[in-house]
Amino acid sequence: MLTITKQQARQFILAKQGLIGSYRFVGKAGTYDYVRQAGCIQFDPVDVCGKNAELTLQSRVKGFKKSMLRELLYEDRKLVDYVDKELSIWPIEDWPYFASYRDRSKKMGDGFEGLQEIKEEAVAYIRENGPVCSDTLPIEGEIYWHSSMHWSGNWQKKSPAARSVLEQLYTEGELIIHHKNGSRKYYDLAEKYIPVAILKADNPCSDEFSLIIWRVLRRIGAVGLLWDKSSTAFLGIDMKADLRKKVLSELSATDKIKSVMVEGIKTHFYYRTEDESLMKDILNGSADLKPRMSFVAPLDPLLWDKALIFALWDFKYSWEIYTPAAKRKYGYYTLPIVYGDRFVGRIEAVPDRNRCALHVKGLWWEQGIRQTKALNSALEKTLDGFAKFNDCKIVEKEF
């Protein structure tokens, strides 16, 4: 079996992700292409210096603007908001694969008293009046309800009926998110925006095992290289060790994935067979590995498995947004910094939008990182790009 060094593993992952070498993803088309490659990118509504999905894209898409993602979601309808790895954004072409999610939601919704009646009322209103949010849908009162997919609703008390019915219809696939105003979601009928060929397509997965196989393959492609361990990269997939081994065995037997060992680590790693040429380029030294600096999102696919990151990079990252201020080691919304094939530090940069200034509150270099001219030049260039991404004209530093 092929054995590679940790450095080669790092380079393969970063090259696959588009975080090293020349930009492979450019502009709006590149934004879409990257989401298709990753399968899904996680969405989080917190906006300190860009939302997580936007941060994920700005680090690897040359010329990325926040408007590009918004257009792909709510104008072009090439992407959709839905559940996958928690709340996510993924290509609309994958809609048929999540049929079992929607069916499960419908079945669960049947158990809530009074929900069916207000579902019919909500659909009729939206059909006549267009997009609504929970404040503009004229359905009063409260009902017992909670979502089958994420954290909406209450398990032990009533929830507002308008919000509940919209969330229920959304998880069933009857509605999609039409647009967002800040964190406020506006919904409209899915049939108005999703092509019939996709909306009515048969589920490509004949059973739950087939769906898990598809999802695991997609997650391996998102990270680039995953190991045969319980991994947070598989979050949202109900899969214990015995099932994981069965899935990996099936993917290997059908030549969808290749196995590789990494020096110093006893666990098998896997990458997609379609990335075999990239692996060969890494091993023979012909891959484009020109150093590039990026600020990486907290929920970036690169960081989906922090144990793997520590094993390969010896880098520990904790998103301290939910850590009490007195206990934070770094900052509220600190982003890891990748330069070349290493994590070289982390940064906390917050835009002052009234003054159009990016305020760098903290910069922490990893131990052993030398302050070279090339490193500092890359930092200045990356800060300028990050300021532009946040509609800022100047950069102010505390360090």
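This is a predicted model: local features need pLDDT of at least 70, side-chain atom pairs count only at pLDDT 80 or more; totals for chains, interfaces and linings use all residues.
Biologist: Which element gives the most to the lining of the largest pocket?

Modeller: The largest pocket holds about 1200 Å³ of space. Of its 38 lining residues, Gln58, Val61, Phe64, Gly385 and Phe389 are the closest to the centre. Elements giving two or more residues to this lining are α3 (52-58), β4 (61-62), α4 (66-74), β14 (293-295) and α13 (373-389). The one that gives the most, with 7 residues, is α13.

Biologist: Which strand gives the most to the lining of the second largest pocket?

Modeller: The second largest pocket has a volume of about 480 Å³. It is lined by 18 residues, and those nearest its centre are Asp314, Lys316, Arg346, Glu366 and Gln367. With 3 residues, covering part of its run 342-352, the strand that gives the most is β16.

Biologist: What is the division by class in the lining of the second largest pocket?

Modeller: Asp314, Lys316, Arg346 and Glu366, among the residues nearest the centre of the second largest pocket, count as charged. Over the whole lining the classes come to 6 nonpolar, 3 polar and 9 charged residues.

Biologist: At what angle do α2 and α4 pack, and what is the hand of their crossing?

Modeller: Helix α2 spans residues 27-38, and its axis lies 9 Å from that of α4. The angle between the two is about 65 degrees. The crossing of α2 past α4 is right-handed.

Biologist: Which residues of α4 make the contact with α2?

Modeller: On the α2 side, the contact is made by Gly27, Lys28, Thr31 and Tyr32. By class, the residues of both helices in this contact are 3 nonpolar, 2 polar and 2 charged. The residues on the α4 side are Met68, Glu71 and Leu72.

Biologist: Which elements give two or more residues to the lining of the largest cavity?

Modeller: The structure holds 1 cavity of 30 Å³ or more, and the largest cavity has about 50 Å³ of space. Its lining is made of Leu73, Tyr74, Arg77, Leu79, Val80, Asp81, Ile92, Ile176, Ile177, Tyr193 and Ile194. By class these are 9 nonpolar, no polar and 2 charged. β5 gives the most, with 3 residues, and the elements that give two or more are α4, β5 (79-84) and β9 (175-181).

Biologist: Is the aromatic pair of Phe295 and Phe386 stacked or edge-to-face?

Modeller: The model has 20 aromatic pairs. In this one, the ring centres of Phe295 and Phe386 are 5.3 Å apart and their planes stand at 80 degrees. Planes over 60 degrees apart count as edge-to-face, so the pair of Phe295 and Phe386 is edge-to-face.

Key. Residues are numbered from 1 along each chain as its sequence is written. Side-chain values use heavy atoms; hydrogens and water are left out. On a 1 Å grid over the protein atoms alone, a cavity is a set of points where a 1.4 Å probe fits but cannot get out, and a pocket is an open set with protein on both sides within 12 Å along at least five of seven lines; lining residues have an atom within 4 Å of a point. Grid points are joined across faces, edges and corners, and a volume is the space filled by probe spheres set on the points. Helices (H or I, at least four residues) and strands (E, at least two) are DSSP runs, numbered from the N terminus. Axes are lines fitted to C-alpha atoms, for helices over the stretch in contact, and angles run from 0 to 180 degrees between N-to-C directions. A crossing is left-handed if the near helix is turned anticlockwise from the far one by less than a right angle, and right-handed if clockwise. Contact means heavy atoms within 4.5 Å. Rings of Phe, Tyr and Trp (its six-membered ring) pair if their centres lie within 6.5 Å; planes under 30 degrees apart count as stacked, over 60 as edge-to-face and the rest as tilted.
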